[in-house]
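User: Hello! I am new to this structure and would like to go through it with you, one question at a time.

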Amino acid sequence: MSWTQIFTDKPWLPEAAGEVPDTDTGKAPGQIALRMLLGAITILFLLFFVTFIERSQFQDFHALAGEPWQPFTDSMRLWVNTGVLLLASLCLHWAVRTSQKQQAILLLLGGGFFAALFVVLQVSVWQFLYNLGYGLAENPANSYFYMLTGVHATHIIGGLFALLLVGRKYLAGADTGVALRACATYWHYLFVLWLVLFFMLTRTPETYAIIAAFCGLG
Amino acid sequence: MSHVAIADQEAHLHHPKTFIGKYIWSQDHKVIAIQYASTAIFVGLIALVLSVLMRLQLGYPDQFDFINPNSYLQFVTMHGMIMVIYLLTALLLGGFGNYLIPLMVGTRDMVFPYLNMLSYWFYLLSVIVLLASFFAPGGPTGAGWTLYPPQAILEGTPGVGSGIVLMLLSLAIFIVAFTMGGLNYVTTVLQARTRGMTLMRMPLTIWGIFTATILGLFAFPALLVSAIMMLFDTLAGTSFFMPAIVSLGEPLEHEGGSPILFQHLFWFFGHPEVYIVALPAFGMISDVLSVHARKNIFGYRMMVWAIVIIGGLSFIVWAHHMYVSGMNPYFGFFFATTTLIIAVPTAIKVYNWVLTLWRGNIHLTVPMLFAIGFIFTFTHGGLSGLFLGNVVIDLPLSDTFFVVAHFHMVMGVSPIMVLFAAIYHWFPLISGKQLHTGMGKIHFWGTFLGTYAIYLPMHYLGFLGVPRRYYALGDSSFMPDSVHSMNEDITLAAIIVALFQLVFIFNVIWTLRKGPKSERNPWGAASLEWHTPDVPPDQGNWGDKLPTVYRWAYDYSVPGARQDFIPQHVPEEDVDYEPGGRKSHKT
Ligand code: HEM
Ligand SMILES: [Cu+2]
């Protein structure tokens, strides 16, 4: 199958009738569906980012990093969480590559565990922020932090449900190759997305000004 | 033959035995389609009643005790939102998309049947949440279907407590449902086509549904973003969209947010949304016209391009809904240009429909009447769109009844024409029975002429400056008396059109119960869906063996062939040509 058909095929010609061209794409449906899903999620976050960058240029926006007393000037906590999510991602990475079932099951459990742990740790970051007096509605920067990490965590929780379903099938001995690989890809995607989020949410006002100018939103 | 393996996977086909497994928790795309369609039509009827209530107020102000300014706004809002999202989007994609995709591309079911089933149940949940707002304290939201902040979540707008929250929640659930269904439609079209079904042999219906689904997958996120941020603003007191506001001398807790940002997000979804509705309609109407004119669709390849190009362009025209928001003139110029460019492929499609009819063997069946009606209503709505697309013309017309007339012609009446054409056309396939023709014709003429009687005068009201979403006009000096009598006439027409829909409902019920069995493929259609071993198609659609496709979907009145159509799955050897007629190039 190729998109050039749209320009070249002439299905109305008499010669075209009677043929049975090969339409095999050589891809599994799961891969295509996953790509579409990731595309949609990417757009979701892109739009969030656009609004975020625009909002960051308003007077009342106080970035969460920059001055020493601000919570993410030292973002050690977030680095720890990053490490945990990386572990989750690595577990699934190896889980789909190992040929031993025992090992694969352990790695799948690990992938699920670390992802869940990440969500818990994110909640603890919320508590940390809240206790410092950075409430959800105090400032748009805080609002964005809670909201975006929340939406990201929701996607992880959704992924955990999918992993649970696929894992059950895998244990039952069904052929789950494509589905497991899809889970792994999703995990890697969420990890990269988290890196982007981490970057976006913890910049200094100066950096935001540069990004905004770059996007034409300054 | 790996792709046959996908299309023909028996493994994931369930064969439920119980009634519940078969009709309630069903994973069969046909059952899911019917569940989607009946739910959508059910809420659609509610929205129809709401529109009549609105018209009663506009035609006969202050005559009805149960309509006050608040409830009027609530009717307007719920009517708009239900019609656009919960009726049209759900019926065209969830209903017809689900039913037709596997049958038209020749597969046994969607590639992810379980996800497909979940999609319906999430959709039903979203409908329930939406309808729950009617019973919530304060009632449903009255913010208008565009839900613009700040007023959507400010005191004084009806439904500000729970109505707006339920609305936003329901939208979010709908988007999840749509995504699950949409992934299925796209993947099934790309991956599960039967042998020989190249992309350029697919009926235009599939092209329309396919492209619309991709639009949906990439446009609904914008609505989700705005819904989530607005939920935070109302529930948690954040200021994403809410500016600093002084209300009754008291400053509110919000400050610094940008209401215009919401408008951008909303229309970045909203404009593609109109094509999410229009593209499947374009596709289905192309097929109906071609079958009932016994002619191949004119300019098939151009039609495919047009669908794809319109889909792409629809993402860069959104700000034509915001000309009056105080935007930079260059910005407005850009969007006016893209908006007028999108009219080009749209016009090409209209020409091609007309050219399909030209010298065709036109059968004025009920589906064909609705299809031709669509060409009229869509052209009218498209032309008024060209007016509104120009900034200077839009400024005085924005927020008047001219806009109401425009989008009802193009997005209200036209898709409804297509839906009726499609229902009359595919009813024999879905139910094995054919709707009564006489009643169908009465239904058509009542609906077609009646909707014109409603919407043509609205253009005139718009020119006079009658604003939309006003509960009552009062004694505005710039409006002549004719406005009031015209409003009365429009209301009468609206009631009559609503009554004509009863003919349709009666027709469906009567046909299902008493109607005679229809013959197989009564219209003589060439596309695959009519050529299943059983009609209506059984679980798994194709019996033992999937069909192989040898030609495109439009071999009507092929020169030299004895029959006036050649089904897609008939090989050249089996076509009955007259002596000296077209020969297969292989012989
Ligand atoms: C020829 C192409 C079209 C052009 C140039 C066009 C242009 C416009 C413009 C400029 C507006 C904004 C008017 C205002 O608020 O002041 C508008 C509104 C609208 N259009 Fe179109 N349009 C076109 C086709 C369509 C189609 C095909 C549909 C749907 C199937 C559609 C649905 C709508 C809707 C729903 C609104 C009103 C939204 C609202 O304010 O509530 N339009 N159109
Ligand atoms: Cu638009």
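Analyst: Let us begin with a definition: a crossing is left-handed if the near helix is turned anticlockwise from the far one by less than a right angle, and right-handed if clockwise. This is a predicted model, in which local features need pLDDT of at least 70, side-chain atom pairs count only at pLDDT 80 or more, and totals for chains, interfaces and linings use all residues. Residues are numbered from 1 along each chain as its sequence is written, chains are lettered from A and ligands numbered from 1 in the order in which they are written, and side-chain values use heavy atoms, with hydrogens and water left out.

User: Which hand does the crossing of α2(A) and α8(B) have?
Analyst: Helices (H or I, at least four residues) are DSSP runs numbered from the N terminus. The axes of helix α2 (residues 29-56) of chain A and α8(B) come within 11 Å and cross at roughly 165°; axes are lines fitted to C-alpha atoms, for helices over the stretch in contact, and angles run from 0 to 180 degrees between N-to-C directions. That makes α2(A) roughly antiparallel to α8(B), since angles under 35 degrees count as roughly parallel, over 145 as roughly antiparallel, 65 to 115 as roughly perpendicular and the rest as oblique. The crossing of these two helices, α2(A) and α8(B), is right-handed.

User: How are α7(B) and α9(B) oriented to each other, parallel or antiparallel?
Analyst: Helix α9 of chain B covers residues 300-313, and its axis and that of α7(B) come within 9 Å. Their crossing is right-handed. The axes cross at roughly 15°, and therefore α7(B) and α9(B) are roughly parallel.

User: What classes of residue make up the contact of α6(B) with α7(B)?
Analyst: Helix α6 (residues 163-191) and helix α7 (residues 204-235) of chain B pack at about 155°, with their axes 8 Å apart. This makes α6(B) roughly antiparallel to α7(B). For the classes, Ala, Val, Leu, Ile, Met, Phe, Trp, Tyr, Cys and Pro count as nonpolar, Asp, Glu, Lys and Arg as charged, and the others, Gly among them, as polar. The contact of α6(B) with α7(B) has no charged residues, five polar and 24 nonpolar.

User: Which domains does ligand 1 lie between?
Analyst: Domain bounds here come from an automatic or database domain assignment. Both of the domains in question give residues to the shell around ligand 1, so the ligand lies between domain 2 (203-242 + 257-348) and domain 3 (364-431 + 435-515) of chain B.

User: Which helix gives the most to the shell around ligand 1?
Analyst: In chain B, α8 (259-292), α11 (366-389) and α13 (401-431) each supply at least two residues of that shell. By class, the shell has twelve nonpolar, eight polar and two charged residues. With six residues, the helix that gives the most is α11(B).

User: How far is a polar side-chain atom of B:D394 from an oxygen atom of ligand 1?
Analyst: B:D394 is among the nearest of the 22 residues around ligand 1, where near means that a heavy atom lies within 4 Å. An oxygen atom of ligand 1 lies 2.8 Å from a polar side-chain atom of B:S398, and one lies 2.9 Å from a polar side-chain atom of B:R468. For B:D394, the distance is 2.6 Å.

User: Where does B:P150 lie?
Analyst: A cis peptide bond, with omega about 0°, joins B:P149 and B:P150. B:P150 lies in the loop between α5 (113-132) and α6 of chain B.

Technical notes
A polar contact is a pair of N or O atoms within 3.5 Å; within protein, one must be able to donate a hydrogen and the other to accept it, and residues adjacent in sequence count only if both atoms are side-chain atoms.
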